[in-house]
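I opened the notebook to look up side-chain contacts in a structure I had not seen before. The entries follow the order in which I checked things.

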Amino acid sequence: MMRLDRILTEMGAGSRQEVKKLIRKGQVSVDGEIIKKPEVKVEEKTARIRCLGISYRYEPYVYYMLHKPAGVVSATEDSKERTVLELLENPARNDLFPVGRLDKDTEGLLLLTNDGELAHRLLSPKKHVDKTYEAVISGIVTEEDAAAFARGVDIGDDTLTLPAVLEILKTDPEQNCSEISITIQEGRYHQIKRMFEAVGKRVVYLKRIRMGTLKLDPALPKGASRRLTEEEINALKQAWAKES
């Protein structure tokens, strides 16, 4: 059982004070009955709640896949920059956050949720969750670079990077650039950019396409989002359950 005002607040109907005012004004019904006391407790899993004519269904956790475009920051709020949360249309909850960060100029897969336990397991260095990126590199990437990445490289931190899988997709000697795929198991600050700088090259475009079992939906345009399917959610949870 949960307080009615708390349920509506978590579902994004308004701030706690705004919701309380709406309830007291008779703007909220539960199972067809007008409720005017914010502190009334209801069965959150089954209650049919309406506020200002809008139906609300309580969900403890929600999960969104976002195709992050360049130019927005991976944060819940920012006084100067547009955030990834601002790209969501009518989010089901108001307590969402991005799982990890993509640099402002990096595109691709970003998971938005309010499930702190899942986020922790996906981001924990001890879990070694694979994260795959596609990139365009200024310079010709070589098999020697791939071997160095597989061993771990010095990016100026106290320890070498964990072994990474670098695949050369295409090289263009005339333009002096390469297209690559790279899978890492860490999330250090500007890690991939610093890894290529360590071998004398520069990342000019970076896009994440996979995180654990979750793959970026190719039908999802930049800036768009969708709810994860039950299959995608279960796959993520089953993967970290096996590692627990």
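Is Asp130 buried, partly exposed or exposed? I looked it up in this predicted model: Asp130 has 27% relative accessibility and counts as partly exposed.

I then looked at the partner of Asp130. Its side chain meets that of Arg210 in a salt bridge, at 3.8 Å from N to O. Arg210 is in strand β13 and Asp130 is in the loop between α3 and β10, so the pair ties together parts 80 residues apart in sequence.

Next I went through other salt bridges; the structure holds 20. One of them joins Arg16 and Asp5, with the closest N and O atoms 3.1 Å apart. Arg16 belongs to helix α2 and Asp5 to helix α1. I found Asp5 buried at 0%, whereas Arg16 is partly exposed at 32%.

Lys193 and Asp105 also form a salt bridge, at 2.9 Å from N to O. Lys193 sits in helix α5 and Asp105 in the loop between β8 and β9, 88 residues apart. Lys193 counts as buried at 17%; Asp105 is partly exposed at 49%.

I turned to the rings and counted one aromatic pair. Phe149 is buried at 0%, and Phe196 is buried at 0%.

I also noted Arg227 over the face of Tyr64, 5.4 Å from the ring centre.

Last, I looked for disulfides and found zero. Of the cysteines I checked, Cys51 is buried at 2% and Cys177 is partly exposed at 22%.

Note on methods
Residues numbered from 1 in each chain as written. Predicted model: local features only at pLDDT ≥ 70, side-chain atom pairs only at ≥ 80, totals over all residues. Heavy atoms only, no water. Phe/Tyr/Trp six-rings, centres within 6.5 Å; stacked < 30°, edge-to-face > 60°. Buried < 20%, exposed > 50% of the residue type's maximum accessible area, 1.4 Å probe, protein only. Lys NZ or Arg CZ within 6 Å of the ring centre and 35° of its normal. Disulfide = S-S within 2.5 Å. Salt bridge = Lys/Arg side-chain N within 4 Å of Asp/Glu carboxyl O. Helix = DSSP H or I, 4+ residues; strand = E, 2+ residues; numbered from the N terminus.
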